[in-house]
Every structure is written in C-alpha cells, then in structure tokens.
Amino acid sequence: MDPPVNFPHVVRQTANGTRIAIVTAWAGRFDPSTRPGYAIARTGWGCYALQHNYTYVVDDHAEAAGLTHGRHWAKMYAVARNLRFFDWVAWIDADVMLQRTDVKLETFIDDKYDVIVADDPNGNNNGIFFLRRSAWGYYFLHRWFQQRTKIDVVQDNGPWMEALLHVAHENYNKSYSGKCVHEGGGVMIRNFQGYLSCYERTLTKITGILGHRRHNHVKFVYGKPHCGFNSGHGWGGANRYRAGCFLLHFAGTPGREFGPMVQAAKPAWRAGRCEHHGNLSFAH
C-alpha cells in the first residue's frame, strides 16, 4: 500500500513513547444535510487526540482506493496505509461520537495482542478496532481482505467476522470450512440471523464464551471498562449505551437522521471540555 501522499511530518507520541493513531476516512460523500453531524464527531476526536498526544488521521485518499471493492473498504485501506507509521492504529467510523475525553485509548490497548476487537452477542462490529504494527497485524488485514469474495453482507463487516472465524480456528490448529456462510444461505447471506447464530456458536466453541474468549493474537473486549469501546443505543448486553460510556456509535443510522442525533449527544461531549483544548488541527 502506498503511504498517504501528504502525511504529517510530526507523529505524536504518548508519555511512554507509544505512537498511537486515530484513523478515519471522511471524504464528504454524505448527504449535505448530515455533514454538520459528521463534522461535530470529527472535531471531537481531533481535539481528543491533541489532548492525549495521539495523531489524528483523516485519510480521505483511502476512499478512492476502496471504491474498487466498495466504499466501505476504505476502512481497510486507510488502516493498511497508515499502520507503518505507528505502533497502534485505532480505527474509528465517521458515525462514532466521543463521550468521555478522560478515558485514554491505552485503557483498551494491550501489547500482548495484535488485534483488539469489541465483542458482542450479535457478532463483532468493526466500527472501532485496534491494530498493532506487527507481522500478525498485517496478516489479519490480509485474511480480512481475502474474505471479500467469500461473503457479501454488511459491507466489509461480514468479511471481518469470517476472518475472525478463520484465525480463531488457526489459533487452535483447526480448520474452518466456511460453514457459517453456508448456514446463512450462501455468499449473499439470504439468512443473516442464521449466519449470526452459527458465528456465535462456532466462535464460542473455539475461543470460549462471550466475555471470556481466548486467542493468542486477538483480544475480545466486552462491556468493561466504560461500556467497552463500541456501545450504541438499542444494543444488547453490556454494550448498550448509557451514561458514563466512552463513546456512542450510531451504527446503521440513516444519514439524514445522524446530524440531529449527534446534535442531541453533543452536550455530553462538551462536558469533557475537549472542544476548548488548544488549536485543533488534522493530519490528512
């Protein structure tokens, strides 16, 4: 992957010298009426990064690369393109709203692992995840991208879950035939609930129950601390959004509704005083 053509010269480091990037792609390809909502979320993450000495990267170039396979694959391209410059990359979807500026990303980062994902009773949403710059981290990106022709559901998230099933089996020297795709009705997944049921059942059999999964390279975070790092309204279990959660993810919210919902959530963000933290700048 080529590096971003105008990557910043300064890569920020935390107090212990760790280089952490918050990466997103926001190319303005949304309905104009919703753009203020995305801008509010973007500003929140940008000044949060300044506050904690992270580098905030808005990689709008990744979207053009991702269009070959669908716009949502810009996520994987952006992570792959920027990972070489950092120790960890935290991917944040454009529809994720910061709620707690006092919670550091290091709360969830663990150098014993290469990928850190948010666990959930309804599959693994990849709207927020952490990837370490390591051989295995790059290997997981490769496995994720491989699955794009094996399953076509929930944009890049279906292939993400299939990749997790593959590496879970590999971790225990077992083979995975792709049976959950079959139970879901084939590549186009005509029976999504059937796929999710198989996914949870299969992942549990290999790695353990929700909240206690074990893998040498992947850390599954479920609900603790601060509701984990992927919570939303109406979500089940420990990931349900409530007061005190680190962030609020509007996953699946139609674009025209996103702006007003973000405006309603903004007071919780302002309480963290992030918007008043110095001069805000972005690395594109």
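The buried residues of helix H3 are Ala74, Lys75, Met76, Tyr77, Ala78, Val79, Ala80, Arg81 and Asn82. Buried means under 20% relative accessible area, exposed over 50%, and partly exposed in between, with a 1.4 Å probe and protein chains only. H3 is thus mostly covered, with nine of its nine residues buried. Helices (H or I, at least four residues) and strands (E, at least two) are DSSP runs, numbered from the N terminus.

The model is predicted: local features need pLDDT of at least 70, side-chain atom pairs count only at pLDDT 80 or more, and totals for chains, interfaces and linings use all residues. Residues are numbered from 1 along each chain as its sequence is written, and side-chain values use heavy atoms, with hydrogens and water left out.

Turn now to the sheet. Six strands form an open sheet with mixed pairing, in the order S2-S1-S3-S6-S5-S7. Strand S2 (55-58) and strand S7 (218-221) stand at the edges; each has a single partner strand, so one side of each lacks a neighbour in the sheet. Two strands pair if DSSP finds at least two bridges between them. On average, neighbouring strands of this sheet are turned by 20 degrees against each other, direction ignored. Axes are lines fitted to C-alpha atoms, for helices over the stretch in contact, and angles run from 0 to 180 degrees between N-to-C directions.

Strand S1 (residues 20-24) pairs with strand S3 (residues 88-92) in the parallel sense, over four bridges. Ala21 stands opposite Val89 in S3. Helix H3 (residues 74-82) packs on the sheet and touches S1, S2, S3 and strand S6 (128-132). Contact means heavy atoms within 4.5 Å. The direction of H3 makes about 160 degrees with that of S3.

A search of the whole structure finds one cavity of 30 Å³ or more. A cavity is a set of points on a 1 Å grid over the protein atoms alone where a 1.4 Å probe fits but cannot get out; lining residues have an atom within 4 Å of a point. The largest cavity has a volume of about 70 Å³. Of the 11 residues that line it, Thr24, Arg42, Tyr56, Asp93 and Ala94 are the closest to its centre. Helix H1 (residues 35-52) gives the most to this lining, with four residues.

Last, helix H7 (residues 192-207) holds Ser197. Ser197 counts as partly exposed because its relative accessibility is 40%. The C-alpha atoms of Ser197 and Pro121 are separated by 9.6 Å, although these residues are 76 apart along the chain.

Methods: On a 1 Å grid over the protein atoms alone, a cavity is a set of points where a 1.4 Å probe fits but cannot get out, and a pocket is an open set with protein on both sides within 12 Å along at least five of seven lines; lining residues have an atom within 4 Å of a point. Grid points are joined across faces, edges and corners, and a volume is the space filled by probe spheres set on the points.
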